[in-house]
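These are my notes from going through one structure. I wrote down what I looked up, entry by entry.

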Amino acid sequence: MDRSFLSRPEVIAASRDFVCVRLATYEDADEARFLKGLFRTRSGEVENSVFCVLAPDGRSKLIRAARGPEQVYADAAAMAADMKRVAGQYSPIAAPAALPLVAGPRLALDVAAADGLPLVVILGNDAVAHQRLASGVAKLAWTDELIGRFVYAEGTAKELTGVSDVALDSGVVVIVPDMFGLRGTVLRQVAADASAENVARELRVAATEFKAPAKYFRTHVQEGQRLNVYWETRVPVTDPMEYAARERGRRVAQPPKE
Amino acid sequence: MKRWRASAFAAAVVGWCALTASSQPPGGQGGPGGKRGGPPGFAPGTVIPPFVRDYLDLTAEQEKRLDELEAEVKQNLERILTDEQKKKLADLRPPMGKDGPPPKGRGPGDKNGPSPNKDGGEHPRAAAIQWFTTWEAGEAEAGRTGRPILFVSAAPHCAGVSGIW
């Protein structure tokens, strides 16, 4: 995943005129089929990463698809300039408003860890309370103050077994993921009957309190292998390089018996 | 003479970096380089591409000295190339932002935070891109809002280890 362009302030600023979609590769079969159709890779199979800019219809490509933005643009400034050019061709009729949920708390914890962001989970089975909470959090998610500061998911307290100190069955929980996105600790939690103002205040405090830990690619992977961390994907990994790396990693974590 | 040699060496590094930059997909190795219109990601005068700069966790002083070296390389390239060659190069490259090279050092939205060489600790996060994470939701929102789609797919794990893109 590109570690420079998408983190640059000028690209982040330009992204505000887009609907930004980032799929987790290998987690959904339908999405894998979509990726295969969007970008033809050298192996002919879905590979780890894809980048493109699409029209609002979700079908027309506005630039050529590639593995990442650095294969299309010379630098982040060029990417931001081209994004502005593209955005200038459209007259949006509304601002993004839907709550951008990750498909399930398990994947959401991993994504939050990878992003170095806290995870907001809307808990509970009561449909009415859930809708009210989700609607309130969605409004906050797109404010200037909180945009891009959280990863979001919904689920039940049972699905958060790796997270310590979850004291609610329904409400909003803000979780700090561990380094590998497998466990977490509660930063803030608000019951379902809290007022919208209370929920807003807790999210604002959480955004301020959360500190992203420093993370280094090489040591992270080495430490993860040492600790036997192994992420099972929902769809088989087909990127040849990643497949080989996963197998090597598995052998490092569990060396064959002599 | 020493300066000229330094510039020639830097130009050679530029060529090497251009080749490696075009063959490196995000977060990994291998993968196809751009085949249409020449190598993508090639900015004449770039000694170390931005994504490699990030990877090296350079100090502010190193960033500054690299910027000075790149400015010197660019000046020398201007003297070395003919007008026609400069035009060919400009046609080859994707559009450069009008503000020139990207900002120095890590942006406030960088998901890895400031370099540990600076203080090694944790830092408050600045805002990042707000992503829809399923195609169904993103496509629906784009259709509803009339906004174009910035689309990325990536694996939130590497070599089987989760918690990193």
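**Entry 1: two helices**

How are α5(A) and α6(A) oriented to each other? I kept in mind that this is a predicted model. I looked up helix α5 (residues 127-141) of chain A and helix α6 (residues 196-209) of chain A, and found that their axes come within 10 Å and cross at roughly 50 degrees. Angles of 65 to 115 degrees count as roughly perpendicular and those under 35 degrees as roughly parallel, with the range between them counted as oblique. I therefore put down α5(A) and α6(A) as oblique to each other. I also noted that α5(A) passes α6(A) in a right-handed crossing.

Next I looked up which residues meet. From α5(A) they are A:Leu133, A:Val137 and A:Leu140, and from α6(A) they are A:Val199, A:Ala200, A:Leu203 and A:Arg204. Sorted by class, this contact has 6 nonpolar residues, no polar ones and 1 charged.

**Entry 2: the sheet of chain A**

In what order do the 5 strands of the open sheet in chain A lie? I read the order as β4-β3-β6-β7-β5, with mixed pairing. The edge strands are β4 (151-155) and β5 of chain A, and each of them pairs on one side only.

I then went through the pairs. Strand β3 (residues 119-123) of chain A pairs with β4(A) in the parallel sense, over 5 bridges. Here I found A:Ile122 opposite A:Glu154 in β4(A). Helix α4 (residues 105-115) of chain A packs on this sheet and touches β3, β4, β5 and β6 of chain A. The direction of α4 makes about 165 degrees with that of β4(A).

Strand β6 (residues 171-177) of chain A runs antiparallel to β7(A), and 7 bridges join the two. A:Val173 has A:Gln189 as its bridge partner in β7(A). The hairpin of β6(A) and β7(A) has 6 residues between the strands, and in it A:Gly181 takes a positive phi near 65 degrees.

I found A:Val163 opposite A:Gly184 in β7(A).

I came back to α6(A) from the first entry. This helix lies across β3, β6 and β7 of chain A, and runs at about 160 degrees to β7(A).

**Entry 3: the sheet with strands from both chains**

Which strands make up the open sheet of 3 strands? I read the order as β1(A)-β2(B)-β2(A), with mixed pairing. The edge strands are β1 (19-24) and β2 (50-54) of chain A, each pairing on one side only. Neighbouring strands of this sheet are turned by 15 degrees against each other on average, direction ignored.

For one pair I looked up the details. β2(A) and strand β2 (residues 149-154) of chain B run antiparallel and are joined by 5 bridges. A:Phe51 stands opposite B:Val152 in β2(B).

Then I checked the helices. Helix α2 (residues 29-38) of chain A packs on the sheet, touching β1 and β2 of chain A as well as β2 of chain B. The direction of α2(A) makes about 80 degrees with that of β2(A). Helix α5 (residues 135-145) of chain B also packs on the sheet, and touches β1 and β2 of chain A together with β2 of chain B. The direction of this chain B helix makes about 170 degrees with that of β1(A).

**Entry 4: confidence**

I ended with the scores. The model has ipTM 0.94 and pTM 0.72. For chain A the mean pLDDT is 93, and 96% of its residues reach 70 or more. Within chain A, confidence is highest in β1(A), at 98, and lowest in helix α8 (residues 240-253), at a mean of 85.

For chain B the mean pLDDT is 64, and 45% of its residues reach 70 or more. Residues 12-40 of chain B have pLDDT below 50, and this stretch has 56 contacts in the model beyond near neighbours in sequence. Over residues 94-121 of chain B the pLDDT stays under 50, and the model has 69 contacts for them beyond four places in sequence.

How values were computed: Residues numbered from 1 in each chain as written. Chains lettered and ligands numbered in written order. Predicted model: local features only at pLDDT ≥ 70, side-chain atom pairs only at ≥ 80, totals over all residues. Heavy atoms only, no water. Pairing = 2+ DSSP bridges. Helix = DSSP H or I, 4+ residues; strand = E, 2+ residues; numbered from the N terminus. Axes fitted to C-alpha atoms, helices over the stretch in contact; angles between N-to-C directions. Contact = heavy atoms within 4.5 Å. pLDDT = per-residue confidence, 0-100. Parallel < 35°, antiparallel > 145°, perpendicular 65-115°, else oblique. Left-handed = near helix turned anticlockwise from the far one by under 90°. Nonpolar A, V, L, I, M, F, W, Y, C, P; charged D, E, K, R; others polar.
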